[in-house]
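Here is a short briefing on one protein chain and its ligand. Look at the sequence and the model first, then read the points below.

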Amino acid sequence: MWIRRTRNTLPFVFAILVVAVTLFGLSPNSQSDPAFKNVQVLTDLSMDELKEYMAEITEHIGAEKCTFCHVRDKSSDEVEHKVVAREYMKLVRELNDGFFKEKEDKVTCFTCHKGEKHVTNHPDDEGAE
Ligand code: HEC
Ligand code: HEC
């Protein structure tokens, strides 16, 4: 009885799986959102998530405005701060996927920047340029 019921439901389960894989397995989240032109690190973020992240890091490093890193075309790498920021995004991801993987508290830009553009590396420092 139980076996027969399982047999009857199997094609259903299979059909649902096929639909699920089609809908989600090929979703653009494994690559960057096609709306983006030059996203190299944050490739798993949707448009909404990326915008949220950008607002967050702007605050974390005390950048005040998006224009600290961006010109009108946000995909452009014209502003040096953006190029530097991308390297720090890589670093933060490496740390959180590595040493901090099992830790509850992850590293953010704020961990070092504390809301400031200049990071102070030593108690006597004015902050790095
Ligand atoms: C500290 C520098 C920095 C600040 C400030 C910043 N961004 Fe970004 N932004 C980046 C970097 C770096 C990338 C590319 C990320 C990558 O390659 O994964 C990016 C990518 C983007 C993209 C994708 C563009 C494309 O098509 O390639 C958008 C949209 C964007 N930012 C919007 C914003 C907005 C809106 C703000 C302000 C709330 C902002 N950013 C503030 C550094 C910054
Ligand atoms: C491990 C500590 C650390 C973390 C985490 C960190 N930074 Fe930094 N950041 C520094 C230090 C130190 C400097 C100064 C040296 C330099 O310019 O690269 C700096 C400099 C910068 C600069 C250049 C500022 C300027 O005025 O020219 C940008 C932009 C920046 N960081 C963005 C980021 C962003 C965005 C994140 C998060 C994704 C981040 N940083 C995370 C330590 C850190």
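A residue is buried if 20 or more other C-beta atoms lie within 10 Å of its own, exposed if 12 or fewer, and partly exposed in between; the C-beta atoms are placed from the backbone. This is a predicted model, where local features need pLDDT of at least 70, side-chain atom pairs count only at pLDDT 80 or more, and totals for chains, interfaces and linings use all residues. Residues are numbered from 1 along each chain as its sequence is written, while chains are lettered from A and ligands numbered from 1 in the order in which they are written.

**The chain**

- The chain has 4 helices and 0 strands. Helices (H or I, at least four residues) and strands (E, at least two) are DSSP runs, numbered from the N terminus.
- Along the sequence, the pattern reads α-α-α-α.
- The chain has 129 residues, and 5% of them count as buried.
- Two residues are in contact if their C-beta atoms, placed from the backbone, lie within 7 Å. Take the contacts between residues at least 6 apart in sequence: 37% join residues at least 24 apart.

**Around ligand 1**

- A shell of 26 residues surrounds ligand 1. A residue counts as near the ligand if its C-beta atom, placed from the backbone, lies within 6 Å of it.
- The closest are V41, M54, C66, C69 and S75.
- Helix α2 gives the most, with 6 residues.
- The shell divides into 15 nonpolar, 6 polar and 5 charged residues. Ala, Val, Leu, Ile, Met, Phe, Trp, Tyr, Cys and Pro count as nonpolar, Asp, Glu, Lys and Arg as charged, and the others, Gly among them, as polar.

**Two arginines in α3**

- R86 is found in helix α3. R86 is partly exposed because 17 other C-beta atoms lie within 10 Å.
- R86 touches Q40 and V41, leaving aside residues up to four places away in sequence. R86 and V41 are 45 residues apart in sequence, yet 7.2 Å apart in space, C-alpha to C-alpha.
- R93 also lies in helix α3. R93 has 15 C-beta neighbours inside 10 Å, so R93 counts as partly exposed.
- R93 and V41 are 52 residues apart in sequence and 8.8 Å apart in space, C-alpha to C-alpha.

**Positive phi angles**

- E64 sits in the loop between α2 and α3. Its phi is near 65 degrees, a positive value in a residue other than glycine. E64 counts as exposed because it has 10 C-beta neighbours inside 10 Å.
- K114 is in the segment after α4 (109–113). K114 is not a glycine, but its phi is positive, about 50 degrees. With 12 C-beta neighbours inside 10 Å, K114 counts as exposed.
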